[in-house]
Amino acid sequence: MKELFDKLTQVSRFTVLTGAGISAESGVPTFRGKEGLWKKHKPEDLATPQAFTRNPELVWEWYHYRREMAEKASPNPGHYALVELEALLANFTLITQNVDNLHVRAGSKNLLELHGNIFRARCSRDGMVFQLPSTSETLPHCPACGELLRPDIVWFGEALPEQEMKRAAAASIEADYFLVVGTSGLVYPAAGLPLLAHQNLAMIIEINPEKTPLSEFTVYCPGKASEILPLLVETVKFQLSVS
Ligand code: BV8
């Protein structure tokens, strides 16, 4: 790993994209693995605007269940390693596809949540956003106008939040180092960000126990995020001490 960072300095631009794999060791299930959520549930019944129109109770039930799971989970050494990395570097951006809030709870600051956050809801009428209490009524309604609230999550077929996506694209284009952690690299537009960084000559490092379509152009490091990320932080610390 040492050679990967031999040009790193304190002002190098470092961008990280995380997916469900980084939270797997916190006990939050991934989507597409053997035990993945999409093996037991159909995304088109639970994670599309059409599903919510058809059956809001079912969709809310699914998100209440996942919110409870996320609440019981705690950040793991992988999440904390990224907090440490951010503190070491002047230009650091963390982009996540995760909605579980574990990066926030670990203490990451410059964080872009591309797919929303499971602890927020928004008004179906005017888009006003609210924090969701841990115990919420089955079908929550907007405290301001009484309209049905929906989870503040980006469903399939929906646009990603514009500002977050713009900032994520800029951080990918400008990156000197781009770290891809725990994502299958199958969901777009997020999966396009490492390619954007690659086209702009960043060093792309991928941490995942399994290879992905992205591995064709990444420096692939096989293994678990909670084991490899702390090692990577130690290597970065060493390099910064000698640069
Ligand atoms: C959009 C809901 C346009 C949130 C999620 C064909 C049909 C329909 C649509 C499409 C299509 N082709 C392309 C599309 C577009 C679609 C898409 O990409 N679909 C794919 C699946 C084919 N994208 C969209 O629809 C996006 N919107 O394009 O809008 C538009 C533009 C303008 C105006 C209007 C519209 C919206 C995408 C958002 C979808 N939301 N879910 C929820 O309930 O959570 S996607 C879902 O996948 C999650 O959000 C998740 O974050 C995301 C990515 O998954 P991963 O995080 O990668 O997780 P996964 O399980 O796949 O992989 C885990 C990895 O971890 C594995 O590789 C595993 O090996 C690894 N791992 C395991 N353990 C560890 C580990 N790694 C490290 N350490 C470990 N310990």
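Residues are numbered from 1 along each chain as its sequence is written, and side-chain values use heavy atoms, with hydrogens and water left out. Because the model is predicted, local features need pLDDT of at least 70 and side-chain atom pairs count only at pLDDT 80 or more, while totals for chains, interfaces and linings use all residues.

**Two domains**

Let us start with the overall division. The protein splits into domain 1 (1-27 + 76-115 + 161-243) and domain 2 (29-72 + 116-153), with bounds that come from an automatic or database domain assignment. The table gathers what describes the pair.

| Domain 1 and domain 2 | Value |
|---|---|
| Distance between C-alpha centres | 27 Å |
| Area buried between them | about 1,000 Å² |
| Share of that area from carbon and sulfur atoms | 51% |
| Salt bridges between them | one salt bridge |

Buried area here is the accessible area (1.4 Å probe) that two parts lose on being put together, summed over both. A salt bridge is a side-chain nitrogen of Lys or Arg within 4 Å of a carboxyl oxygen of Asp or Glu. Arg-120 forms one with Glu-113, and their closest N and O atoms are 3.3 Å apart.

**The second largest pocket**

Rolling a probe the size of a water molecule over the atoms shows where empty space is left. On a 1 Å grid over the protein atoms alone, a pocket is an open set of points where a 1.4 Å probe fits, with protein on both sides within 12 Å along at least five of seven lines; lining residues have an atom within 4 Å of a point. Grid points are joined across faces, edges and corners, and a volume is the space filled by probe spheres set on the points.

The second largest pocket holds about 170 Å³ of space. It has 13 lining residues, and the closest to its centre are Gly-116, Arg-122, Asp-152, Val-154 and Pro-161. Two elements, strand 4 (116-123) and strand 6 (149-153), each give two or more residues to this lining. Strand 4 gives the most, with three residues; strands (E, at least two residues) and helices (H or I, at least four) are DSSP runs, numbered from the N terminus.

**Two backbone details**

A cis peptide bond, with omega about 5°, joins Tyr-188 and Pro-189. Pro-189 sits in the loop between strand 7 (177-181) and helix 9 (193-199).

Asn-101, a residue other than glycine, has a positive phi near 70°. Its place is the loop between strand 2 (91-96) and helix 7 (102-106).
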